[in-house]
Amino acid sequence: MMYLPSIFGDNLMDDFFDDFDRSFFKPARPVLRTERTDLMKTDIRETENGYELDVELPGYKKEDLNLELTNGYLTISASKNTDNEEKDTEGRVIRKERYIGSMKRSFFVGKDITEEDIKARFEDGILKLGVPKKEVKEQIPEKKTIMIEG
């Protein structure tokens, strides 16, 4: 650790850069993020008999969704492939946009839950799921004795 005279404060360079235009250090264009944290926002409510999940999927259709249950994990996946093309009155393309994307999210619902237990419906861009509570049967270790001869 280096000790500085008290006239410099904690950082020798603080005062020097205070008047400097900090916008100089900002990137010229926005940084692209590969991780999206705003997708598949989910509300989970506990009820007396189970759990209700509301998963936001705006712009998706029922046909774009897939639900799987594997080893106690409920996986929701959504994929979309659109191609929008606009032409003027003479048939020339004036705008063409494409979107290809998919997203996936998993929730542990328990190994005793089956596909038949989960209720799902899709309306107004929201996937509504109902997952019941099931009694977890605790495995009591079986006691085995060894006979002693003699």
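In what order do the three strands of the open sheet stand, and is their pairing parallel or antiparallel? The order is β3-β4-β5, and the pairing is antiparallel; the points below start from the model as a whole and then return to this sheet.

1. Basis of the note. This is a predicted model, in which local features need pLDDT of at least 70 and side-chain atom pairs count only at pLDDT 80 or more, while totals for chains, interfaces and linings use all residues. Residues are numbered from 1 along each chain as its sequence is written, and side-chain values use heavy atoms, with hydrogens and water left out.

2. Overall make-up. The protein chain comes to one helix and seven strands, where helices (H or I, at least four residues) and strands (E, at least two) are DSSP runs numbered from the N terminus. Along the sequence the pattern reads α-β-β-β-β-β-β-β. Of the 150 residues in the protein chain, 19% are buried, a term that stands for under 20% relative accessible area, with exposed meaning over 50% and partly exposed in between (1.4 Å probe, protein chains only).

3. Surface and contacts overall. The protein chain exposes about 13,700 Å², and carbon and sulfur atoms supply 50% of that area; the accessible areas come from the Shrake-Rupley method with a 1.4 Å probe, and for residues only the protein chains shown count as cover. Taking contacts (heavy atoms within 4.5 Å) between residues at least 6 apart in sequence, 50% join residues at least 24 apart.

4. Two strands are said to pair if DSSP finds at least two bridges between them, and in the open sheet β3-β4-β5 the pairing is antiparallel. Because β3 (65–70) and β5 (93–108) each have a single partner strand, they stand at the edges, and one side of each is left without a neighbour in the sheet. The twist averages 10° from one strand to the next, with axes taken as lines fitted to C-alpha atoms (for helices over the stretch in contact) and angles running from 0 to 180 degrees between N-to-C directions. Six antiparallel bridges link β3 with β4, which covers residues 73–87, and Leu67 has Ile76 in β4 as its bridge partner.

5. The loop residue Asn49. Asn49 lies in the loop between β1 (42–46) and β2 (50–56), and its relative accessibility of 58% is why it counts as exposed. Leaving aside neighbours within four places in sequence, Asn49 is in contact with Pro132 and Lys133. Asn49 and Lys133 are 84 residues apart in sequence, yet their C-alpha atoms are 5.7 Å apart.

6. The nonpolar core. A nonpolar core is a set of buried Ala, Val, Leu, Ile, Met, Phe, Trp, Tyr and Cys residues joined through side-chain atoms within 4.5 Å, and the largest one here has 18 residues, with Met40, Leu57, Ile76, Ala78, Ile118, Leu127 and Leu129 having the most contacts inside it. At least two residues of this core come from each of β2, β3, β4, β5 and β7. Ser77 is found in strand β4 and counts as buried because its relative accessibility is 17%; beyond residues up to four places away in sequence, Ser77 touches Met40, Asp64, Leu65, Asn66, Met103 and Lys104. Thr42, placed in strand β1, is buried with a relative accessible area of 19%. The side chain of Thr42 reaches the backbone oxygen of Met40 at 2.9 Å, and a polar contact of 3.1 Å joins the side chains of Thr42 and Arg105. A polar contact is a pair of N or O atoms within 3.5 Å; within protein, one must be able to donate a hydrogen and the other to accept it, and residues adjacent in sequence count only if both atoms are side-chain atoms.

7. The loop residue Lys62. Lys62 has its place in the loop between β2 and β3, and at 62% relative accessibility Lys62 counts as exposed. The C-alpha atoms of Lys62 and Leu127 are separated by 8.7 Å, although the two residues are 65 apart along the chain.
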